[in-house]
Amino acid sequence: MADRTLSQQLADFVMTTKGDGLPDAVSVSVRDRILDILGLCIASRRLDTSRAVLAYAREQGGAAQAHAIGEPAKLPAASAALVNGVLAHSLDYDDTHLPSVLHPSASVIPAALAAAEYADADGEALLRAIAVGLEVTVRLGMAGYDRATNNSTFFEHGQHATSICGAIGGATAAAVLLDLDETKIVDAIGVAASMASGVIEANRTGGTVKRLHCGWAAHAAVSAAQLVRHGFTGPPTVLEGRFGFFQAFLRGEFDASAIIDGLGENWTVPDIFFKPYPANHFTHTIVDAGHELREQGVDPDRIVALTIGVPAPVVRTVGEPIERKIRPTTTYEAQFSGPYAAVIGLLGGSGLGAALPDYAPALLGDPRRLRLMSRAEVVADDECTAIFPNQFPAVVRAHTDDGREWTARVMVNRGGPQRPLSADELRVKFRDNVAGQLDTTTCDMVEQAVAGIGRGTQPGELLSLTHTTPRQ
């Protein structure tokens with residue numbers, strides 16, 4: 001394989017799965033992720049940004065090729081992928097791979113659903129396409145993971161690896177569904193690399209553009225595959241070349257072995273973390289620590305100081321600028337606030353421990369929450385830093401007015417291999433997300449249809465079940 005480029009080896013892997021099929025654990029994981037993404041897309045239709053991207057897509061017009069989730073009328077496939085990708089990522093409730101710290105499903109699954117409907121592909125092809133798309137996305141992300149610093153080089157450069165790698169992984173999935181041959185899969189990777197993008201400054205200081213990133217990646221993915229189908233080509237050395245993907249994004253600093261070692265044998269897909277809470281993944285153990293303090297008997301109204309210890313690289317995301325983190329003014333800001341996460345845990349969240357109602361705008365001005373957040377600081381914790389980014393741990397200490405110090409340590413995230421969410425918990429999450437949008441009978445039908453992907457369910461059949469979603 002040494003004489004073959006990285007994208008050629010990825011394409012060979014994709015074609016091999018067509019003959020060999022998928023391991024059972026990968027198939028189960030993909031089905032779970034499809035259900036998760038469908039629930040997120042339906043839940044996020046109520047957001048202003050969702051209405052905006054739908055209005056934009058309708059305004060563009062074009063051929064009726066594929067459905068956006070919840071939309072009865074078809075859009076061009078790339079536009080449907082755009083809408084679904086925005087919906088999938090907008091609640092910050094989509095899955096995360098560690099330690100690459102990217103969210104693979106929110107780009108790949110929207111691209112695959114649109115491409116499958118456009119190409120009239122069957123459920124087995126959809127399952128396989130998503131699996132290989134997720135695998136490619138994660139491996140590209142891991143190639144940009146610096147083991148010396150335990151951090152993503154993409155992240156250090158201000159780049160959103162989720163959408164950058166997701167555009168290529170999504171294009172790989174779309175190429176499978178358009179039934180492109182191995183050479184054209186290489187081309188699709190090469191074309192998508194020129195479309196990959198995403199800047200993460202919004203994580204720090206606001207703006208809703210991050211919600212667009214996975215949609216744009218999915219749009220790029222479908223567009224790349226369609227363009228290749230019509231004759232465009234890409235450079236076979238697009239990843240490792242002198243002016244290729246890794247040079248452009250990472251200044252040539254990447255780990256090729258992370259892409260090719262064990263490819264097709266050691267699947268990363270089942271190890272991607274599901275999110276139990278609708279917020280930045282760095283905040284999840286903070287929520288859990290707050291819950292633990294509550295269970296220890298801490299009275300939130302007696303707290304005079306709250307110290308939130310997190311990995312050093314996390315402080316800038318959930319603790320800076322602290323003036324904004326202790327007074328979030330929008331749901332989006334609350335989702336990235338360490339102090340707000342602690343407050344949810346201390347006051348008792350809903351759903352699996354925190355759910356969408358806990359981030360409602362009406363709660364952000366609650367005097368009790370504001371008082372608690374005003375007593376919080378976010379600091380680097382050495383114990384947490386040593387574990388990051390294999391987990392996103394937190395150590396939260398509460399000082400009460402009786403002079404006592406209470407400590408909660410949460411070293412392992414829920415939703416990953418060490419603390420997995422059960423099938424029942426994933427259904428709870430799905431049903432919480434679609435509450436008020438889909439009735440119980442339709443929920444049952446969606447769950448059954450997802451379980452049937454690769455066993456008879458067709459992509460168009462699955463998507464049709466979401467069309468009853470009321471317009472928001």
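**The domain interface and its surroundings**

Modeller: The protein splits into domain 1, residues 6-273, and domain 2, residues 281-410. This is a predicted model. Between the C-alpha centres of domain 1 and domain 2 the distance is 32 Å. To the contact, domain 1 contributes 21 residues and domain 2 contributes 19 residues.

The size of an interface is often given as the accessible area lost when the parts come together. Here the area buried between domain 1 and domain 2 is about 1,900 Å². Carbon and sulfur atoms give 56% of that area.

As for specific pairs, one salt bridge is counted between domain 1 and domain 2. Side chains of opposite charge can pair when their charged atoms come close. R316 and E156 form a salt bridge through their side chains, with an N to O distance of 2.8 Å. Three residue pairs are in polar contact across the interface of domain 1 and domain 2, where both residues have pLDDT 80 or more.

On the side of domain 1 that touches domain 2, the elements giving two or more residues are α7 (153-156), α10 (202-205) and α11 (210-229). Of these, α10 gives the most, with four residues. Sorted by class, this side of domain 1 has ten nonpolar, six polar and five charged residues.

In an unreviewed entry, UniProt lists "domain: MmgE/PrpD N-terminal" at residues 8-253. That span is 64% helix and 2% strand, and its end C-alpha atoms lie 20 Å apart. The unreviewed entry also places "domain: MmgE/PrpD C-terminal" at residues 277-448. For residues 277-448 the figures are 44% helix and 15% strand, with the end C-alpha atoms 24 Å apart.

Now to the rest of the chain. The structure holds 22 salt bridges. One of the salt bridges joins the side chains of R33 and D95, at 3.0 Å from N to O. R33 sits in helix α2 (residues 24-43) and D95 in the loop between α4 (77-89) and α5 (105-119), so this pair ties together parts that are 62 residues apart in sequence.

The loop between α4 and α5 also holds D92 and P99. Most residues other than glycine have a negative phi, and most peptide bonds are trans. D92, a residue other than glycine, has a positive phi, near 50°. L98 and P99 are joined by a cis peptide bond, with omega about 10°.

Another cis peptide bond runs from E320 to P321, with omega near -10°. P321 is placed in the loop between α15 (315-318) and α16 (322-325).

To return to the part you asked about, the contact draws on 21 residues of domain 1 and 19 residues of domain 2, and the salt bridge of R316 and E156 has an N to O distance of 2.8 Å.

How values were computed. Residues are numbered from 1 along each chain as its sequence is written. This is a predicted model: local features need pLDDT of at least 70, side-chain atom pairs count only at pLDDT 80 or more; totals for chains, interfaces and linings use all residues. Side-chain values use heavy atoms; hydrogens and water are left out. Domain bounds come from an automatic or database domain assignment. Contact means heavy atoms within 4.5 Å. Buried area is the accessible area (1.4 Å probe) that two parts lose on being put together, summed over both. A salt bridge is a side-chain nitrogen of Lys or Arg within 4 Å of a carboxyl oxygen of Asp or Glu. A polar contact is a pair of N or O atoms within 3.5 Å; within protein, one must be able to donate a hydrogen and the other to accept it, and residues adjacent in sequence count only if both atoms are side-chain atoms. Ala, Val, Leu, Ile, Met, Phe, Trp, Tyr, Cys and Pro count as nonpolar, Asp, Glu, Lys and Arg as charged, and the others, Gly among them, as polar. UniProt positions are given in the numbering used here, feature names are shortened, and annotations may be inferred rather than shown by experiment.
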